[in-house]
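Me: I have a structure to get through today. Can you go over it with me in plain words?

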Amino acid sequence: MTQIQNPKKQNLQQALERLESLVKELEAKDVDVEAGLAKFKEGVDLVKFCQGQLQEAENEFRKLKTELEEEDSME
Amino acid sequence: MGIKTNTANGGMQESFFDRSENLQLENDGDGNVVYSVAQCVGQINEAVGRLGVVRVRGEISALSQSRGAMAFFDLKDASGKEYVLQCSIFGWSFSKYKHFLEDGLEVVVHGKLKVYEKRGSLSFIADSIEPSGEGAWRKAFEELKKRLGAKGYFDESRKRQLPLYIQKIGLITSEDGQALHDFRQNLGNYGFSILLYPVWVEGDKAEASIVKALQWFNKNKPDMDALVLIRGGGGFENLKVFNSEKIADAIVSSRIPVITGIGHEKDESIADYVADKHLSTPTAVAAFLKARREDVMRGLDMLWEGLQEGMQDIIKEERLLVNTQAERLHRGFGKVFEGFANLKQRLVRARYAYEKQVYVYLASVERAQSMLTSLNPENVLQRGYSIAFNSRGETVKSIEQIEVGETAMVKVWKGKFSALVERKFK
């Protein structure tokens, strides 16, 4: 079933997946410091991005107006 | 069928009486009105028509399957009084209900009353039939559940996966119910974006408004992460709309995943079964979304820790490697130093050997010198010998080397002198 994905959500999910693979790569025994640092740096950027997306924030609540609903459904 | 009409003076008058006045009625000798049969039936239909759509509760009996285009049944008074309404329903409409209708079932029939002109009997023409009483609803519910189950509506494989990150929520519920309050109260503040589509959650308008809301989000807000359909607790009468087949269809057709939380813990509904995720109450849905968000955040924390640990391990390993290398280097230097010390020692030893050799040479030189000294011809001259040189400067060892008349040079120990050769002797 195809779903239209929110690009922001997609990015967060992708970022988390990439992070997971970076951690696995870092845990592998044969990573040298230079490559490790590059991965680490990429990871830090991803963590920052994800934290930005996930931080605690006030919820946004909107109520659909019936007139708008009528208009939209007539499109 | 007009119930009321405007009169010339602008007032409202009952059409029944209007029409009565306009009918060409007979009067008998005493001045009483006499109707024709057609007029009488017409008048009755006018009168019952004024009732519009009526809802009548009763028990089904004498249910007979479609004869031609119609189906028939009697609606008996549920309290056991011997009152009966003869009912009819169009076949296409009947097919929607026949799966749960049976004699003795308590139902509420929606429809209009009409006298059949040809038979003169009053008939209740049903538009829709719904179960009445918990038992009837239970039966209808089980029936629908079985049917939709057979269509695969409840299959887990059909259901959409909820995205990991749910942020945009399309909320479908009553705008002034407890459900909305409970939901918002328990969601936590994680920057959720909630768009409420207010709907009726019970009553006649509920089914259509919920279906419309589900369709509206899919059409106009396809980027929603999830649709949340909730309703607070209530009796089965309050919750029965959530057993609607149309709502089930709308949930199945939704491209956006649907989460339900309807009624109390024990309540179950068709909407719940069809939903991609169902929780027991509106509060539970909010708690689920909150926990899911917290899981993602915890997951991120763990990944962050994993990242740091991974890096630390690499650095630790590298440091260990550096230490090992340093140690090896140190050991290497040790060897170099050792070699150097060796060399030095060897040099010292070599110098001794050399010096010794030098002494040996010196001794031989001395010896040679003394030997040479003893061989020096001057030593012989000292003893009184002399050496004669001819005019060519050759040492004269034989008389052949010098001629008479030639001047020879004679070297003695101290000085030299010339001598003229007068005679040679053999």
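**Working through the model**

Reply: Gln382(B) is exposed, because it has 12 other C-beta atoms within 10 Å. The scale is this: a residue is buried with 20 or more other C-beta atoms within 10 Å of its own, exposed with 12 or fewer, and partly exposed in between, with C-beta atoms placed from the backbone. This is a predicted model, in which local features need pLDDT of at least 70 and side-chain atom pairs count only at pLDDT 80 or more, while totals for chains, interfaces and linings use all residues. Residues are numbered from 1 along each chain as its sequence is written, and chains are lettered from A and ligands numbered from 1 in the order in which they are written.

Me: Ok, and where is the place of Gln382(B)?

Reply: Gln382(B) belongs to helix α11 of chain B, residues 377-382. Helices (H or I, at least four residues) and strands (E, at least two) are DSSP runs, numbered from the N terminus.

Me: Let's go to whole chains. How many helices and strands does chain B have?

Reply: Chain B has 11 helices and 17 strands. Of its 426 residues, 25% count as buried.

Me: And chain A?

Reply: Chain A has three helices and one strand, in the pattern α-α-β-α along the sequence. Of the 75 residues in chain A, 23% are buried.

Me: What is the average pLDDT of chain B?

Reply: The average for chain B is 86, and 93% of the residues score at least 70. pLDDT is the predictor's confidence in each residue, from 0 to 100. Over residues 1-18 of chain B, pLDDT stays under 50. For that stretch the model has 13 contacts beyond four places in sequence. Two residues are in contact if their C-beta atoms, placed from the backbone, lie within 7 Å. The model scores ipTM 0.76 and pTM 0.59.

Me: How many residues of chain A are in contact with chain B?

Reply: 35 residues of chain A are in contact with 38 residues of chain B. On the chain A side, the elements giving two or more residues are α1 (7-27), α2 (33-54), β1 (60-63) and α3 (66-74).

Me: Which of those gives the most?

Reply: α1(A) gives the most, with 10 residues. By class, the side of chain A that touches chain B has 17 nonpolar, eight polar and 10 charged residues. Ala, Val, Leu, Ile, Met, Phe, Trp, Tyr, Cys and Pro count as nonpolar, Asp, Glu, Lys and Arg as charged, and the others, Gly among them, as polar.

Me: Which strand of chain B do the bridges join to β1(A)?

Reply: Strand β11 of chain B, residues 193-198, is joined to β1(A) by four bridges, and the two run parallel. Two strands pair if DSSP finds at least two bridges between them. Ser193(B) is the bridge partner of Glu60(A), and Leu195(B) is the bridge partner of Arg62(A).

Me: What else pairs with β11(B)?

Reply: Strand β10 of chain B (residues 168-173) pairs with β11(B) in the parallel sense, over six bridges. Leu195(B) turns up here too, as the bridge partner of Gly170(B).

Me: New topic: helices. At what angle do α6(B) and α8(B) pack?

Reply: Helix α6 (residues 206-220) and helix α8 (residues 245-253) of chain B pack at about 5 degrees, with their axes 9 Å apart. Axes are lines fitted to C-alpha atoms, for helices over the stretch in contact, and angles run from 0 to 180 degrees between N-to-C directions. α6(B) and α8(B) are therefore roughly parallel. Angles under 35 degrees count as roughly parallel, over 145 as roughly antiparallel, 65 to 115 as roughly perpendicular and the rest as oblique.

Me: Which residues meet there?

Reply: From α6(B), Glu207(B), Ile210(B), Val211(B), Leu214(B) and Gln215(B) meet Lys246(B), Ile247(B), Ala250(B) and Ile251(B) of α8(B). They divide into six nonpolar, one polar and two charged.
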